[in-house]
Amino acid sequence: MGDFVKEYGNMLLDIEYHCLPGVYAAVNQDLLSKCADLYSNHYGKWGEKGVRPNENIRLSEERISDWLESEDVSIYYATDQSELIGYAIALSRKENNYGTVTWVTQLVVHKDYRQNGIAKNILFSIWGFSNHFAWGIVSANPYAVRALEKATRRRAMPVRIKKNAVKLRNIGRKNVPFINDDTVFRITHDSSTVNTEFFVDHSDTEQMLRNVTNHDIPWCLGKIEDGWEWFAFTFRDQEQISLSNEEIENMIATSDSVVRQAYARMDLDATKQKWMRHTSAEIDYVIEKTGLCARDFVYDLGCGTGRHSIELSKRDIEVTGIDYITGNVKEANRVIQEKALEGIQIYEEDCRSYRSDKKAAVVLCLYDVVGSFAIDHENERIINTAYQLLAQNGFAVFTVMNYESTAANAVNTFTFDEEADRLLELPASNIMEESGNVFQSEYYMVDTKSHLVYRKEQFSKGFQLPVELIVRDRRFTMQEITAMCKKVGFTIVEEKYVNASDWRKEYTATDPRAKEILVICQKV
């Protein structure tokens with residue numbers, strides 16, 4: 001979900017999103033104070049039957065802390081320049097024989113920030129993991145229920161809720177503060193409500209219902225009375241609301257944004273990402289093939305956390321690394337400073353547009369920097385950058401993912417133009433975050449027309465919002481990648497099918513071990 005800057009009236013919002021385990025948040029007095037203040041001033045007012053009619057509903061720090069003191073609870077929140085502007089508390093519990101149930105138990109957004117996507121971003125993150133068993137909320141706000149349906153692409157149907165009511169009630173009684181053994185539920189074929197004895201002001205509810213209901217989008221949960229809220233859940237085994245090709249394209253068409261999010265959330269730890277363990281041998285190979293010597297100069301495009309750049313520096317080769325992920329650049333520079341390395345700089349730049357008058361003997365562009373973008377023109381821009389940065393007779397070394405091996409070993413193939421909806425069937429994984437093995441065939445779908453490969457990737461580590469992204473990358477045949485290199489002016493010196501474990505071995509195009517294509521080019 002990340003950070004973003006947005007115009008709001010005459011203000012410039014710099015909104016950041018965060019996620020904390022409840023047990024951490026429960027002892028964070030500053031956060032608790034801000035949550036209590038936000039809730040007490042912006043949640044809403046008591047109704048006529050409430051504790052203090054027409055006054056703001058207030059919540060203490062202690063009560064919020066009590067709600068957070070569970071290993072299954074997390075708080076998701078948004079800030080604008082350190083000011084808390086919205087938060088949600090959610091229970092995420094794995095139930096035996098069923099799977100994970102994700103239940104939003106509290107949601108509030110600052111009045112001045114409503115209708116700006118704050119709640120949507122938080123809720124979509126909470127409900128965004130497509131392999132959960134059930135997603136839900138108890139709320140008197142029709143907009144929150146519609147957010148549930150949009151995020152999960154399913155309707156909250158009383159018939160389905162009734163089918164799972166016993167297990168949901170039991171989960172609530174054990175884990176949700178306002179659900180207990182005496183709580184009354186009313187779940188029939190045409191309504192799903194619960195008596196939480198929360199007498200909030202409902203004066204706007206009818207208008208909100210009219211705003212979210214039409215002939216094509218019915219309201220299925222019935223009406224609520226004073227003190228009652230909707231008990232809204234959707235379930236993984238429900239049929240998903242069909243999406244048009246355009247709607248699915250919109251989910252993934254902000255290609256640069258998705259690519260940045262995915263790579264920014266990727267854990268580039270060589271102890272976990274096995275393909276990263278051969279840095280020294282790869283630099284040996286580059287030196288052997290290009291004749292690199294000490295004090296030569298190299299560019300490393302899409303350098304990540306700088307592993308190749310750092311290895312070159314250790315060999316007295318001057319190097320400049322380029323990467324557009326802020327976290328990668330910070331980590332690379334941390335290591336450089338820690339090891340007191342000289343002759344190495346890592347900059348935060350986009351290698352599609354980076355230019356410099358300083359020319360290099362070698363340009364590296366390794367591990368799928370070319371191919372990160374779905375549009376060939378964007379990948380060609382990276383190759384052109386390499387050409388522009390090279391001295392005459394210099395060498396460029398590229399590795400890209402091998403389409404022929406990917407397709408030959410694929411479980412799922414389709415064409416987006418004809419079967420876009422099939423992407424919703426893809427199982428989700430946390431492969432990018434955990435291992436980087438994006439060649440596990442059960443988790444990708446190959447577009448045999450465009451040679452794009454689609455995956456559903458989940459990222460949940462750290463204190464950013466959890467997110468599930470549809471990630472796509474471009475994979476190449478040997479003919480395609482060499483043609484792109486020749487198009488910008490390169491002469492091909494070497495081309496081979498390889499595996500990250502050993503570039504000296506060569507494979508056939510469809511061998512499952514032939515995950516990469518290695519191309520060495522020369523500017524002559």
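Reader: Which helix does Val-23 lie in?

Author: Helices are DSSP runs of H or I with at least four residues, strands are runs of E with at least two, and both are numbered from the N terminus. Val-23 lies in helix H1, residues 22–25. This is a predicted model, where local features need pLDDT of at least 70, side-chain atom pairs count only at pLDDT 80 or more, and totals for chains, interfaces and linings use all residues. Residues are numbered from 1 along each chain as its sequence is written, and side-chain values use heavy atoms, with hydrogens and water left out.

Reader: Is Val-23 buried, partly exposed or exposed?

Author: Buried means under 20% relative accessible area, exposed means over 50%, and partly exposed is in between (1.4 Å probe, protein chains only). Val-23 has a relative accessible area of 41%, so Val-23 is partly exposed.

Reader: Which residues make the nonpolar surface patch?

Author: Patch residues have over 30% relative accessible area and no salt bridge; like charges are joined within 9 Å, nonpolar side chains (Val, Leu, Ile, Met, Phe, Trp, Tyr) within 5 Å. Areas come from the Shrake-Rupley method with a 1.4 Å probe, and for residues only the protein chains shown count as cover. Here Val-23, Tyr-24 and Phe-463 make a patch of about 330 Å².

Reader: How many salt bridges does the structure hold?

Author: Side chains of opposite charge can pair when their charged atoms come close. A salt bridge needs a side-chain nitrogen of Lys or Arg within 4 Å of a carboxyl oxygen of Asp or Glu. This structure holds 30. Among them, Arg-455 and Asp-473 meet at 2.6 Å, N to O. That pair links distant parts of the chain: Arg-455 is in strand S18 and Asp-473 in strand S19 (residues 467–474), 18 residues apart. Arg-455 is buried at 3%. Asp-473 also counts as buried, at 3%.

Reader: Are Asp-417 and Lys-449 buried or exposed?

Author: Both are exposed. Asp-417 forms a salt bridge with Lys-449, with the closest N and O atoms 2.9 Å apart. Asp-417 is in helix H16 (residues 416–419), and Lys-449 is in the loop between strand S17 (445–447) and strand S18 (452–459).

Reader: At what angle do helix H11 and helix H12 pack?

Author: Axes are lines fitted to C-alpha atoms, for helices over the stretch in contact, and angles run from 0 to 180 degrees between N-to-C directions. H11 (residues 279–290) and H12 (residues 307–314) pack at about 65°, with axes 10 Å apart. That makes H11 roughly perpendicular to H12. Angles under 35 degrees count as roughly parallel, over 145 as roughly antiparallel, 65 to 115 as roughly perpendicular, and the rest as oblique.
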